Amino acid sequence: AVVSTQSGHYGRGGVLSNHRLVFHHRDEEGAGDIWAVDPTVTGVGTVVEVPGQVVHGVVYLISPSILRELDEFEGGTYDRVERHVDVVGVGGVMAQVYVGHRDRLEGHRKPTKQYLELLMGAGSMLPLEYLESLKSVETWM
């Protein structure tokens, strides 16, 4: 998910250009839950810059206080960066994107099936072909 503090962009599909969704991100804090059942094998999602690729997601309008809560929740694992995102029906906005800490990126890892299903939960706001590409991701268990 991507967040925006600009008005009028609550719960809409969005496209982050020149990035790709990968599961190379080690999440030690999530060990034992759906995020990373085995932190030596499984990974959680992050985006990396890849020219010509796109990541589809959902853009939410949130308050500054909720953004601070997200920073606390994601802060040990992700960095918040500002990126240009194209929002369906709105156009381009500057939005906050959480990107995995570089020191936790490790080769190819597999998401758990439950974690991947959580990402696909935004299905009504994602293009069908993008959902199909997510379904083809190899999962751990």
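From the N terminus on, the chain runs β-β-β-α-β-β-α-α, where helices (H or I, at least four residues) and strands (E, at least two) are DSSP runs numbered from the N terminus. This is a predicted model, in which local features need pLDDT of at least 70 and side-chain atom pairs count only at pLDDT 80 or more, while totals for chains, interfaces and linings use all residues. Residues are numbered from 1 along each chain as its sequence is written, and side-chain values use heavy atoms, with hydrogens and water left out.

**Exercise 1.** Determine which residues of helix H3 are buried, and how they are arranged about the axis.

*Solution.* Buried means under 20% relative accessible area, exposed over 50%, and partly exposed in between (1.4 Å probe, protein chains only). In H3, residues 128-135, the buried ones are Tyr130, Leu131 and Leu134. Seen down the axis, they fall within an arc of 100 degrees (taken from the directions from the helix axis to the C-beta atoms), so they line one face of the helix. On the other side of H3, Leu128, Glu129 and Lys135 are exposed.

**Exercise 2.** Find which side chain meets Arg83 in a salt bridge, and state where the two residues lie.

*Solution.* A salt bridge is a side-chain nitrogen of Lys or Arg within 4 Å of a carboxyl oxygen of Asp or Glu, and the whole structure holds four. In one of these, Arg83 meets Glu49 at 3.7 Å, N to O. Arg83 belongs to strand E4 (residues 78-87) and Glu49 to strand E3 (residues 44-61), so that the pair links distant parts of the chain, 34 residues apart. Arg83 is partly exposed at 25% relative accessibility, whereas Glu49 is exposed at 59%.
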